[in-house]
Amino acid sequence: MSNNKQRGRSESIVKLIYQQKEAKLWYEEANSHVKAENLLKALQAYNKALELNPSDKNCLVARSKCYLLLGQPESGLKDAEAALAVDKNFMKGIYQKAESLYYLGDFEHSLMYHYRGLRIRPDYDGFQLGIGKAQKAIENALGGAMLARKKSPGLSSTSKSSGKGKSKGTATTVSSKFSSVKHTPEPAIVKDTPKSTHGHTPMPRPVTANQSSKLLRELRTDKEYLDSLLNRPDVKCKINEDDSTVVGYIKDAVDFLNTRQEFWRQQLPCKFK
């Protein structure tokens, strides 16, 4: 009876070793696909490697990077967190989580994880660069928000019509939805956008419906609804005959979403823009 148990254990160990070796082969194949920029093949190989060895923290981090290159930061964040569940002080996992948060627009938490990683590995330049990048994104976002408020026609109209409580409240409801999205700061186009050789900034490329869905995610439906309102001059405000304040807030929201969309398009790797 004891011999059967020992034999069973030995077979399990041999099987586990074989699976780990096979997983390593898939991992190395995936890395070679990434170098050749065959990202979908790389993702398939990483998936097979992790099926055989789900707790391989290096493979989880590598697949997270692959997801970011494919424009899927949500999946990238899940893999980074899975790697940290295996080893909470894993430097590569902390860095990858910080990068995933950055591409998700959660600049504050990205900055926090870059600082956390810097305490663990002060000699790693990636954390220093990440801190500077996240700080710049936060500054640009705050600067863009202040500039938008200064130029907003809707806000100036609100100050003039402070006595009209119902109209003002309605407009505020429309605007507040977009200014209080959790972990989504109002983005501004990065200051170091490359300029053309003719001395003017190139116009943003048109964004397809599929790209818009990936860039704006859950806010795409809201943008389509607001665009449809602006394209329907026959739709009027029931509360107040002068609906210029509400229209101003709708335009502010659409401008905000357009700016956010262009900002995230710039953050994508060049081949996906």
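Figure 1. Leaving aside neighbours within four places in sequence, His-114 is in contact (heavy atoms within 4.5 Å) with Tyr-95, Ala-98, Glu-99, Gly-126, Phe-127, Gly-130 and Ile-131. His-114 has a relative accessibility of 0% and therefore counts as buried; buried means under 20% relative accessible area, exposed over 50%, and partly exposed in between, with a 1.4 Å probe and protein chains only. Helices (H or I, at least four residues) and strands (E, at least two) are DSSP runs numbered from the N terminus. The model is predicted: local features need pLDDT of at least 70, side-chain atom pairs count only at pLDDT 80 or more, and totals for chains, interfaces and linings use all residues. Residues are numbered from 1 along each chain as its sequence is written, and side-chain values use heavy atoms, with hydrogens and water left out.

**Figure 2. Ser-110, also in helix α6.** The relative accessibility of Ser-110 is 0%, so this residue counts as buried. Not counting residues up to four places away in sequence, Ser-110 touches Ala-98, Leu-101, Tyr-102 and Ala-134.

**Figure 3. The largest nonpolar core, with 35 residues.** A nonpolar core is a set of buried Ala, Val, Leu, Ile, Met, Phe, Trp, Tyr and Cys residues joined through side-chain atoms within 4.5 Å. Tyr-46, Cys-66 and Phe-127 touch the most other members of the largest core. Two or more residues come from each of α2 (39–52), α3 (57–69), α4 (73–86), α5 (91–103), α6 (107–120) and α7 (125–151). The greatest contribution is that of α2, with seven residues. Another core, of eight residues, lies apart from this one and includes Val-246, Ala-253, Val-254 and Phe-256. In soluble globular proteins, nonpolar side chains tend to be buried together.

**Figure 4. Contacts of Phe-127, one of the core residues that touch the most other members.** With neighbours within four places in sequence set aside, Phe-127 is in contact with Met-91, Ile-94, Tyr-95, Tyr-113, His-114, Gly-117, Leu-118 and Arg-121.

**Figure 5. Packing of α2 against α3.** Two packed helices are described by the angle between their axes and the distance between the axes. Axes are lines fitted to C-alpha atoms, for helices over the stretch in contact, and angles run from 0 to 180 degrees between N-to-C directions. The axes of α2 and α3 are 10 Å apart, and the helices pack at an angle of about 155 degrees. That angle makes α2 roughly antiparallel to α3; angles under 35 degrees count as roughly parallel, over 145 as roughly antiparallel, 65 to 115 as roughly perpendicular and the rest as oblique. The crossing of the two helices is left-handed, meaning that the near helix is turned anticlockwise from the far one by less than a right angle. On the α2 side the contact is made by Leu-39, Ala-42, Leu-43, Tyr-46, Asn-47, Ala-49 and Leu-50. On the α3 side the residues are Cys-59, Leu-60, Ala-62, Arg-63, Cys-66, Tyr-67 and Leu-69.

**Figure 6. Packing of α3 against α5.** Here the axes come within 10 Å and cross at roughly 20 degrees, and α3 and α5 are therefore roughly parallel to each other. This crossing, too, is left-handed. From α3 the contact involves Asn-58, Val-61, Ser-64, Lys-65 and Leu-68. From α5 it involves Lys-92, Gly-93, Gln-96, Glu-99, Ser-100 and Tyr-103.

**Figure 7. Cys-59 and Cys-66, two buried cysteines.** Cys-59 is buried, with a relative accessible area of 1%. Cys-66 counts as buried at 1% relative accessibility. The structure holds zero disulfides, a disulfide being a pair of cysteine sulfur atoms within 2.5 Å.

**Figure 8. Glu-37, in the loop between α1 (2–35) and α2.** Phi of Glu-37 is near 65 degrees, a positive value in a residue other than glycine. Most residues other than glycine have a negative phi. Glu-37 is exposed, with a relative accessible area of 53%.

**Figure 9. Glu-22 of helix α1 and Asn-53.** The two residues are 31 apart in sequence, and their C-alpha atoms are 9.1 Å apart in space. Glu-22 counts as partly exposed, at 28% relative accessibility.

**Figure 10. The chain that holds these sites, with twelve helices and zero strands.** Buried residues make up 37% of the 273 residues in the chain. Among contacts between residues at least 6 apart in sequence, 63% join residues at least 24 apart.
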